[in-house]
Structures are given as structure tokens and as C-alpha cells.
Amino acid sequence: MRLSATTNIFFLQVIKILPSCFKPVVSTKRKTMTQTLPAKNNQKLQLSPLNIPNRLLLGPGPSNAHPDVLKAMNTAPVGHLDPAFLTLMDEIQSLLRYVWQTENPLTIAVSGTGSAAMEATIANSVEPGDVVLVGVVGYFGNRLVDMAQRYGADVRTITKPWGQVFSLDEIKTAIETHRPAIVALVHAETSTGARQPLEGVSELCRQYGSLLLVDSVTSMGGVPLYLDDWGVDLAYSCSQKGLGCPPGASPFTMSPNAMEKLQKRQTKVANWYLDMNLLSKYWGKERTYHHTAPINLYYALRESLRLLAEEGVENSWERHQKNAEYLWQGLEDLGMTLHVEKQYRLPTLTTVKIPEGIDGKTVAREMLLEDNLEVGGGLGELGGKVWRIGLMGYNSRKENVDRLLEVLKKKIKG
Ligand SMILES: Cc1ncc(COP(=O)(O)O)c(C=O)c1O
């Protein structure tokens with residue numbers, strides 16, 4: 001394996017200060033980077049400062065954080081029970097309700113990435129033996145299956161080829177067949193670039209007493225979402241995509257119906273860190289310590305939500321749609337084919353087929369290392385077949401599309 005120039009400098013500087021007795025151990029570069037550095041002999045380590053390249057992140061996420069968000073993140077931390085921080089938590093809650101268009105009192109940010117918020121929805125709503133119906137049309141549907149199984153759910157699935165979505169009729173038939181306690185759907189399947197329509201699903205859920213759980217990791221902030229109008233009971237997202245924030249503080253919400261199920265549980269929530277009975281006491285009136293909040297990430301999240309609210313969430317959805325359409329046209333003008341039918345395409349994440357004769361992985365790597373531009377490769381069924389191009393949050397801008405198209409043109413046309 002080749003190490004980057006920076007890594008080699010780091011390696012050499014470590015080597016210089018190692019006592020001679022350690023030098024034989026470091027015969028391969030790989031070993032050196034992972035071995036425990038000795039504290040013996042009062043040695044001081046002279047390591048190079050952080051040196052990360054400046055990339056344009058047009059892959060499936062993370063996307064680049066807005067500069068104002070990074071500035072906010074740089075603010076000195078206060079305590080997690082400081083009145084100023086508690087006010088900031090309240091602001092996060094109301095801004096999340098705004099972006100999601102929900103009145104759910106329990107709307108918070110979970111400490112952790114989108115998967116933590118995903119697990120929070122499952123851990124709090126699923127009791128062992130509950131039938132959970134999951135729509136699997138991509139990688140993240142499968143993650144929901146795995147998580148629900150770990151919490152003892154009786155998981156049933158419906159599937160379609162990756163890149164397609166379920167019709168209301170297909171969902172209806174599945175609900176009638178399985179009578180689930182929970183129906184889980186991925187609104188924006190990042191592995192395929194398809195948007196699952198949600199209108200009408202909750203009416204079906206209500207008929208059978210099912211809760212509707214929705215993954216909005218790749219839609220929040222960039223794709224129209226009306227949680228209350230669409231009757232969504234549990235939803236989660238992330239910070240590092242449509243919100244233009246670094247990863248680590250993830251939106252979570254649950255409806256009064258989902259709260260009722262939580263309160264009626266016969267079993268304890270099998271995850272202490274994500275138990276909403278406990279977390280709601282920190283985010284609610286009691287302000288009881290649960291865990292130390294990642295203060296600076298919450299600064300960043302608050303700032304990203306402020307920027308979104310200043311733009312207006314509907315304007316943000318429109319901006320994402322406009323820039324995505326500009327990208328789609330540009331890709332087609334280069335002779336490329338898009339993977340998802342236009343009406344179901346996500347504005348935040350586009351899957352484009354890798355042209356014949358092109359090694360997608362090599363090209364993506366060259367773009368990253370030579371052009372400082374990241375795009376994603378295909379996952380699962382779509383591995384090696386598509387590139388995944390994200391235009392999310394702060395990155396959904398015309399100049400980014402132009403830069404990407406220029407680089408892609410160079411790669412595929414020569
Ligand atoms: C649709 C979807 N769900 C869940 C996740 C998991 O989020 P994270 O990687 O932030 O844990 C992702 C991540 O890309 C995603 O795209």
C-alpha cells in the first residue's frame with residue numbers, strides 16, 4: 001500500500017525520535033503508523049500538525065460544511081447544562097420542527113451520526129416480537145432490517161430492484177398481509193438515488209394501527225418533507241448532508257402516537273444511550289444530565305439550521321431541485337445515462353451509469369487525488385455500475401455542478 005506524502009513525513013518524524021531499541025520493530029511503514037508509541041525515556045514526539053486536503057465533497061455524504069457553520073463550531077465550549085447551551089438546545093428543537101414541518105414535542109438531536117438516530121427510532125419503538133415491515137430497495141433498507149432484528153422484531157420485507165420505488169398499492173398489499181406494528185421506509189435511498197413517495201402511506205398505517213417510520217437522512221433540507229401532513233410517526237436524519245454541517249449530531253423525532261407506544265412498553269428500551277425516556281428528560285423541562293452533549297457539534301447544527309431557516313426551507317428544496325436538474329442535463333449532454341426514472345429522482349443524490357469501457361473506481365480515485373473532487377461509487381447491487389453524485393446543502397450550487405462536469409468530461413472524453 002502506498003502512503004501519501006504527508007503520511008511519510010509523519011512516519012519519518014516519528015522514526016527520528018524513537019529510541020534505537022524500537023527501530024527494528026518499525027521495519028514496515030504500515031506497522032509504524034499503528035503501533036503504540038513509547039512513553040519511555042522522557043521522549044517528546046514531534047509530529048506534523050493536522051494537514052487535510054481541501055476537497056469538494058460531491059459524493060453521498062458528508063458534504064462540505066458551510067463556512068459559517070465551521071466558524072460556529074470553533075466557539076469555545078460551555079457546559080452541557082449551561083443556560084446558554086440549554087437555550088441553544090431549545091432553538092435546535094424548534095428549528096428541526098420547522099425543517100421537518102412537524103409539531104412533535106419530542107424532536108431532538110441525537111449525539112452520533114445518522115445511524116445512531118436510526119437506531120434510536122428502532123430501539124424506542126420496537127418491542128421483541130413486534131412485526132416490522134421494511135421496504136428494501138437499497139442498502140439502507142437492509143440496515144433497518146438488521147437493526148430491527150437485533151431488537152427482536154419479527155421483520156418482514158418487501159423488495160424491488162434498486163433504483164425503483166414502491167407504489168401505494170404495493171405498500172397497501174404488504175400492510176394487509178403482514179399487519180405490522182411498524183412500517184419502515186427510506187424516503188431517500190442514498191444507495192440508488194430514488195425518492196420513495198410517502199403521501200397516502202400513513203392513512204394505510206392508521207387502518208391497521210401501524211406506526212410509520214421514515215429515514216430522511218438524504219432528504220432533510222433538500223427534498224420536500226412534511227412529516228405531520230404525511231403522518232410520519234418516527235423519523236431520523238443526519239447533519240452532514242442537506243444541513244451542510246459536519247457529521248455527529250443527528251435529528252430525531254417521534255409523534256405522540258409513537259410516544260404512546262413507548263410509554264406502554266412491557267420491556268425496557270434495550271439501549272441506554274438512545275432511550276428517549278431518559279433523553280427526553282435532558283431535552284425537556286427537567287434538564288436532567290444524561291450524557292455530555294457534543295457541545296461544538298450542537299453549535300454547528302444550530303448554525304446550519306439557522307442558515308436554512310434564513311434561506312427558507314421551501315427555497316432550499318427549490319434550489320436543490322434546480323441544481324439537480326442542471327446536473328442531469330449536463331450529464332446527459334455528456335452522453336451519460338441516469339439510473340433512476342426522472343419523477344423518482346432525488347435532487348440530493350444522483351446515480352449515473354458509468355460509461356462502458358471506463359473503470360469507475362479508478363476514475364473516482366483520480367478525481368479525488370488529482371482534482372480534489374469526491375464522488376461516490378455504487379453500493380451493493382449497483383457496485384461498479386454507477387457513480388453517486390451528491391448536491392446537498394451548501395454544496396448544491398451551480399458552480400459545483402460546472403466544476404464536476406468539466407472534470408468528468410476530461411475523464412470520459414479525454
Ligand atoms: C439513507 C441513509 N440512512 C442512514 C445512513 C446512515 O447515516 P450515517 O452514515 O450518518 O450513520 C445513511 C448514510 O449515508 C443514509 O444515506
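A residue is near a molecule or strand if its C-beta atom, placed from the backbone, lies within 6 Å of it. The shell around the ligand holds 14 residues, of which T113, G114, S115, T190 and V217 come nearest. The model is a predicted one: local features need pLDDT of at least 70 and side-chain atom pairs count only at pLDDT 80 or more, while totals for chains, interfaces and linings use all residues. Residues are numbered from 1 along each chain as its sequence is written.

The ligand shell divides into seven nonpolar, six polar and one charged residue. Here Ala, Val, Leu, Ile, Met, Phe, Trp, Tyr, Cys and Pro count as nonpolar, Asp, Glu, Lys and Arg as charged, and the others, Gly among them, as polar. Helix α5 (residues 114-125) gives the most to this shell, with three residues. Helices (H or I, at least four residues) and strands (E, at least two) are DSSP runs, numbered from the N terminus.

The chain as a whole has 14 helices and 14 strands. Its radius of gyration, taken over C-alpha atoms, is 23 Å, close to the 22 Å that the globule rule (2.2 Å times the number of residues to the power 0.38) gives for 414 residues, so the chain is as compact as a globular protein of that length. Along the principal axes, the C-alpha atoms fill a box of roughly 70 × 55 × 40 Å. Of the 414 residues, 45% count as buried. A residue is buried if 20 or more other C-beta atoms lie within 10 Å of its own, exposed if 12 or fewer, and partly exposed in between, with C-beta atoms placed from the backbone. Among contacts (C-beta atoms, placed from the backbone, within 7 Å) with a separation of 6 or more, 72% are between residues 24 or more positions apart.

Strand β8 (residues 211-215) is largely enclosed by the rest of the structure, because five of its five residues are buried. L211, L213 and D215 cover one side and L212 and V214 the other, all of them buried. Two strands pair if DSSP finds at least two bridges between them. Strand β5 (residues 182-186) runs parallel to β8 and is joined to it by five bridges, with I182 bridged to L211. Strand β9 (residues 234-236) is also parallel to β8, through three bridges; V214 has A235 as its bridge partner there.

Elsewhere, an open sheet of three strands has the order β11-β14-β13, with antiparallel pairing. β11 (349-353) and β13 (376-377) stand at the edges with a single partner strand each, so one side of each is left without a neighbour in the sheet. Five bridges join β11 to the antiparallel strand β14 (residues 386-390), and K353 is paired with V386 in β14.

Two helix residues complete the picture. L297 is found in helix α11 (residues 295-311) and counts as buried, because it has 20 C-beta neighbours inside 10 Å. Not counting residues up to four places away in sequence, L297 touches P246, G248 and A249. The C-alpha atoms of L297 and N400 are separated by 26 Å, the two residues being 103 apart along the chain. F85, in helix α4 (residues 83-100), has 17 C-beta neighbours inside 10 Å and therefore counts as partly exposed. With the same exclusion of residues up to four places away in sequence, F85 touches V78, G79, H80 and I295.

Conventions
Two residues are in contact if their C-beta atoms, placed from the backbone, lie within 7 Å.
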